[in-house]
Amino acid sequence: MAHIIVVGNEKGGAGKSTVSMHVATALARLGHKVSGLDLDLRQRTFGRYIENRRDFMRESGLTLASPTLCELPDVEASSLRPGENMYDHRISAAVAELEPDNDFILIDCPGSHTRLSQVAHSLADTLITPLNDSFIDFDLLAHIDANGEKITGPSVYSEMVWNARQLRAQAGLSAIDWVVVRNRLGAQRMVNKEKMERAIGNLSKRIGFRTAPGFNERVIFRELFPRGLTLLDLKDIGVKQLNISNIAARQELRELIKALDLPGVTPDF
């Protein structure tokens, strides 16, 4: 049975699709069979990435280890019983079809609350929540006082994750391994960074998540997107020597994959 990875939060610009691209491709390059679902039905950044990668391979004649993009199946409204939701059936049908033949299914959620996203969270074996190192983004997880010290209550997103955990427990499934990935961490020890670190540490104990290091802001991510490539592909396309920024980004990806602690995965790249 496939291990389901859901990448989600309800705020745009936190790096969900960048994390999805790199985790899915890294797992494929490590020899695992990976399929992806993009639930952002409008922007489709993750889906476009995989399509760009497929087009690049066709045009260049190269073969690169890649995740497979899958679309949600259509469901006839007439097939639903009273009270049933069409989106529940679409995502459950997609996952049921993919599970027997994949090691991992990665689901990229939109930066807003949707029924599809809600259902996906309840299916997650591993939930990855990218978070920019900012109290604006921290508000996604919990409300905090004006001094940035005292947590005053959970956010609607944290409550959704709690509900997903309850649904899994009722169904007799394993608990969600929730990993908050801290993106765009500054290199210097600034007051805001230290406050964020304390706040996230306190919150992780209260609502039950782990933290992992993510990606810094790098131009290379945007440059590679039109070809559907990641830093792991550079040598395969003829780049003989990586610059310092590329090496650092590669190390960030290695540390992220290691921190996720996915079953059967050793980040030996």
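In the predicted model, helix α3 (residues 86–98) packs against helix α4 (residues 115–123) at an angle of about 40°, and the axes of the two helices are 9 Å apart. The two helices are therefore oblique to each other, since angles under 35 degrees count as roughly parallel and those from 65 to 115 as roughly perpendicular. The crossing of α3 and α4 is right-handed. On the α3 side the contact is made by Y87, D88, I91 and V95, and on the α4 side by R115, L116, V119, A120 and L123. Sorted by class, the residues of this contact comprise seven nonpolar and two charged ones, with no polar residue.

Helix α4 also packs against helix α6 (residues 156–170), here at an angle of about 50° and with the axes 8 Å apart. That angle makes α4 oblique to α6. This crossing, too, is right-handed. From α4, the residues S117, Q118, H121, S122 and L123 meet Y157, M160, V161, A164, L167 and R168 of α6. The contact of α4 with α6 has six nonpolar, four polar and one charged residues. L123 of α4 takes part in the contact with α3 as well as in the contact with α6.

Helix α1 (residues 16–29) and helix α2 (residues 45–60) pack with their axes 9 Å apart, at an angle of about 45°. The pair α1 and α2 is therefore oblique. In passing α2, helix α1 makes a right-handed crossing. Residues S17, S20, M21, A24 and T25 of α1 form the contact with T45, F46, Y49 and R53 of α2. By class, four of the residues in the contact of α1 with α2 are nonpolar, four are polar and one is charged.

Helix α1 provides the largest share of the lining, namely six residues. Both α1 and α8 (219–224) supply at least two lining residues each. By class, the lining of the largest pocket is made up of 14 nonpolar, 13 polar and eight charged residues.

Backbone torsions were considered next. Most residues other than glycine have a negative phi. R44, which is not a glycine, has a positive phi near 55°. This residue is placed in the loop between β2 (34–38) and α2. D261 likewise is not a glycine and has a positive phi, of about 55°. The position of D261 is in the segment after α9 (244–260).

Methods. Residues numbered from 1 in each chain as written. Predicted model: local features only at pLDDT ≥ 70, side-chain atom pairs only at ≥ 80, totals over all residues. Heavy atoms only, no water. Axes fitted to C-alpha atoms, helices over the stretch in contact; angles between N-to-C directions. Helix = DSSP H or I, 4+ residues; strand = E, 2+ residues; numbered from the N terminus. Parallel < 35°, antiparallel > 145°, perpendicular 65-115°, else oblique. Left-handed = near helix turned anticlockwise from the far one by under 90°. Contact = heavy atoms within 4.5 Å. Nonpolar A, V, L, I, M, F, W, Y, C, P; charged D, E, K, R; others polar.
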